[in-house]
Amino acid sequence: MRIVLLGPPGSGKGTQAALLKDRIKVPHISTGDLLRSAVADETPLGRQARSFMDRGELVPDELVLGLIEERLGAADVQPGFILDGYPRNLAQARALDELLERLEQPVEKALELRVDEEQIIQRLARRAEEEGRSDDTEEVVRNRLKVYREQTAPVSEHYREHGLLAEIDGIGSIEDINQRLADALG
Ligand code: ADP
């Protein structure tokens, strides 16, 4: 099963993807995680990506596309994937369509976790205290939400137009939300 997971920062995409991958036995691919590990390893890509991430801006499309192309070409992706954090704008959505068309492995479902902004700001403030992620400060969180509204929200429409979108209520217990996601996959 080839799945794209959509939703604002703090909507629980990472948590849900980690559970879902065990249910459906496909790898969880998070561009945020791939980028954070490139930053930690101080690779050339990580060095370029870092300042964008620290400001809550999107890392330039061509950098992320290279990363995702490499990851989707790996052998463990044969049974499918859960993509988390990609695509994040319409250009990325189109680039992904092209890439997957070439690989003859189109997206089968786009799951969007819906959580209101007030709830998100609370969740991310808590995560900032617990995990200390450098882009969870209030100012950067506000910018990430703005970037989401302006650039990423239209990606849902892209998948809706292709008849692939399912919207999931992202409020509730982790288990309940995971069940809703699994139900949406049919
Ligand atoms: P969140 O969804 O909570 O914002 P992520 O871990 O998905 O967290 O992303 C963290 C940061 O990594 C983003 O703010 C952005 O700078 C960068 N990033 C992740 N995925 C992409 C992407 N597809 N395109 C551009 N930048 C990305």
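Which residue does Leu5 stand opposite in E3?

Analyst: In this predicted model, Leu5 stands opposite Asp84 in E3. To place that pair, one may begin with the two strands concerned. Strand E1 covers residues 2–6 and strand E3 covers residues 81–84; the two run parallel and are joined by four bridges.

These strands belong to an open sheet of five strands, whose order is E2-E3-E1-E4-E5 and whose pairing is parallel. Strand E2 (28–30) and strand E5 (165–169) stand at the edges with a single partner strand each, so one side of each has no neighbour in the sheet. On average, and with direction ignored, neighbouring strands of this sheet are turned by 25° against each other.

Helices pack against this sheet. Helix H2, residues 31–40, touches E2 and E3, and its direction makes about 60° with that of E2. Helix H8, residues 174–185, lies across E1, strand E4 (109–114) and E5, and runs at about 150° to E4.

Within strand E3, Ile82 deserves attention. Its relative accessibility is 0%, and therefore Ile82 counts as buried, the limit being under 20%. Leaving aside neighbours within four places in sequence, Ile82 is in contact with Ile3, Leu5, Ala17, Leu20, Lys21, Ile24, Val26, Pro27, His28 and Ile29.

Pro87 is found in the loop between E3 and H5, and a cis peptide bond, with omega about 0°, joins Tyr86 to Pro87. Lys25 is found in the loop between helix H1 (13–24) and E2. Although Lys25 is not a glycine, it has a positive phi of about 60°. At 63% relative accessibility Lys25 counts as exposed, because the limit for that term is over 50%. Glu42 lies in the loop between H2 and helix H3 (44–55), and its phi is also positive, near 55°, in a residue other than glycine.

Two packed helices are described by the angle between their axes and the distance between the axes. Helix H5 (residues 90–102) and helix H7 (residues 138–161) pack at an angle of about 40°, and their axes are 8 Å apart. This angle makes H5 oblique to H7. On the H5 side the contact is formed by Leu90, Ala93, Leu96 and Asp97, which meet Gln151, Pro154, Val155, His158 and Tyr159 in H7. The residues of this contact divide into six nonpolar, two polar and one charged.

Finally, Asp135 lies in the loop between helix H6 (117–131) and H7. With 10% relative accessibility, Asp135 counts as buried. The side chains of Asp135 and Arg133 are joined by a polar contact of 2.8 Å. Not counting residues up to four places away in sequence, Asp135 touches Met53, Val140, Val141 and Arg144.

To return to the opening question, Leu5 stands opposite Asp84 in E3, and E3 is joined to E1 by four bridges.

Terms used:
Residues numbered from 1 in each chain as written. Predicted model: local features only at pLDDT ≥ 70, side-chain atom pairs only at ≥ 80, totals over all residues. Heavy atoms only, no water. Axes fitted to C-alpha atoms, helices over the stretch in contact; angles between N-to-C directions. Parallel < 35°, antiparallel > 145°, perpendicular 65-115°, else oblique. Contact = heavy atoms within 4.5 Å. Nonpolar A, V, L, I, M, F, W, Y, C, P; charged D, E, K, R; others polar. Pairing = 2+ DSSP bridges. Buried < 20%, exposed > 50% of the residue type's maximum accessible area, 1.4 Å probe, protein only. Polar contact = N/O pair within 3.5 Å; in protein donor to acceptor, adjacent residues only side chain to side chain.
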